[in-house]
Amino acid sequence: MTDNERNLNTASTSLGPKFISLDEAAAMTSGTRVTFAPGMPALFSESLKNICFVKGVPLIRVVHPHMGFDKATGKDRQASLYELTSQTGLPTMFHNQERPRNVWTEQLALAERIGAAGTPALVPDDMKLRAEVFGLCAVVLSEDGMIWNMRNLIDTPLGRKYGYSEEACAAAPAKIAAVSSLIDRRLETQEKRGSHYLVGDALTAADVYWATMSISILPPPLEIMPLTRQNERGLKYFARNSKIPAIAEALSKRIEDHQRYILTTYCETPAVLGGDPL
Ligand SMILES: N[C@@H](CCC(=O)N[C@@H](CS)C(=O)NCC(=O)O)C(=O)O
């Protein structure tokens with residue numbers, strides 16, 4: 001059995017959502033298929049899952065192949081992913097027979113387009129509000145943003161892909177704190193206007209992305225993010241991040257309340273993760 005088949009078996013025999021293989025997903029000609037690391041707190045996938053949940057887009061879950069080489073065959077485990085999408089990042093998204101989407105801006109645009117009637121507009125029509133939404137999302141999701149710097153807090157193969165160095169590691173807490181403070185100030189201003197949301201008077205992509213991504217510096221209770229064998233270490237790491245002095249100082253009750261409000265009101269909670277629940 002190859003590592004990929006083993007991953008797929010583990011995922012599909014555990015209680016919880018069904019996962020199909022990348023090959024199966026690529027062969028399908030209809031449906032919205034998104035790659036996940038079953039049971040893991042892989043926050044780009046979690047965010048896209050939450051975006052699609054808000055938009056009423058049913059997802060077919062696909063096992064994202066792990067980095068590294070298959071022990072049995074010696075083959076790069078991500079070779080077919082690369083062949084299909086010219087990249088290896090998690091998540092990749094297929095919809096019907098359209099080209100795969102691998103970047104959050106394109107995934108969001110697709111979800112917005114195929115979303116069910118009557119669901120919230122996550123990208124506002126008003127261009128001023130739209131600029132605010134994309135600005136906030138970018139400081140969280142894009143290069144040198146919050147998640148980028150979170151990955152640089154420790155030396156891992158994933159961090160190395162994103163330019164881990166001792167200098168990058170030392171600079172990361174202040175950069176993460178700067179994003180968190182920006183969000184806190186905005187929530188404060190919005191509160192004074194009587195809005196529960198980051199932009200304008202309604203839910204946008206900025207709320208869903210920030211509430212999900214901020215799990216990496218402020219893990220929510222288990223009723224929101226349950227424990228699995230696969231995410232136990234990751235959630236401990238997230239909890240440690242929340243105690244790094246610069247980050248701890250920038251977190252606030254306001255940020256916590258907003259995160260919990262968005263996740264419990266608009267997203268599926270407890271999060272459905274697959275893997276092996278503990
Ligand atoms: N491409 C995504 C980012 C997704 C991403 O950074 N995924 C990371 C995990 S957090 C990953 O899988 N990186 C490994 C790789 O790119 O090979 C985007 O810009 O929206």
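Me: How many residues of the shell around the ligand are nonpolar, how many polar and how many charged?

Reply: The shell holds six nonpolar, three polar and two charged residues. Here Ala, Val, Leu, Ile, Met, Phe, Trp, Tyr, Cys and Pro count as nonpolar, Asp, Glu, Lys and Arg as charged, and the others, Gly among them, as polar. The model is predicted: local features need pLDDT of at least 70 and side-chain atom pairs pLDDT 80 or more, while totals for chains, interfaces and linings use all residues. Residues are numbered from 1 along each chain as its sequence is written, and side-chain values use heavy atoms, without hydrogens and water.

Me: Which residues are around the ligand?

Reply: A residue is near a molecule if one of its heavy atoms lies within 4 Å of it. Around this ligand are Phe44, Thr88, Gly89, Leu90, Asn102, Val103, Trp104, Arg151, Leu158, Lys161 and Tyr162.

Me: Which ligand atoms are 2.8 Å from backbone atoms of Leu90 and Asn102?

Reply: For Leu90, an oxygen atom of the ligand lies 2.8 Å from a backbone N or O atom. For Asn102, a nitrogen atom of the ligand is 2.8 Å from a polar backbone atom.

Me: Where does the shell stand in relation to the domains?

Reply: The protein is divided into domain 1 (3-114) and domain 2 (127-266), with bounds from an automatic or database domain assignment. Each domain gives at least three residues to the shell. The C-alpha centres of the two domains lie 23 Å apart.

Terms used:
Polar contact = N/O pair within 3.5 Å; in protein donor to acceptor, adjacent residues only side chain to side chain.
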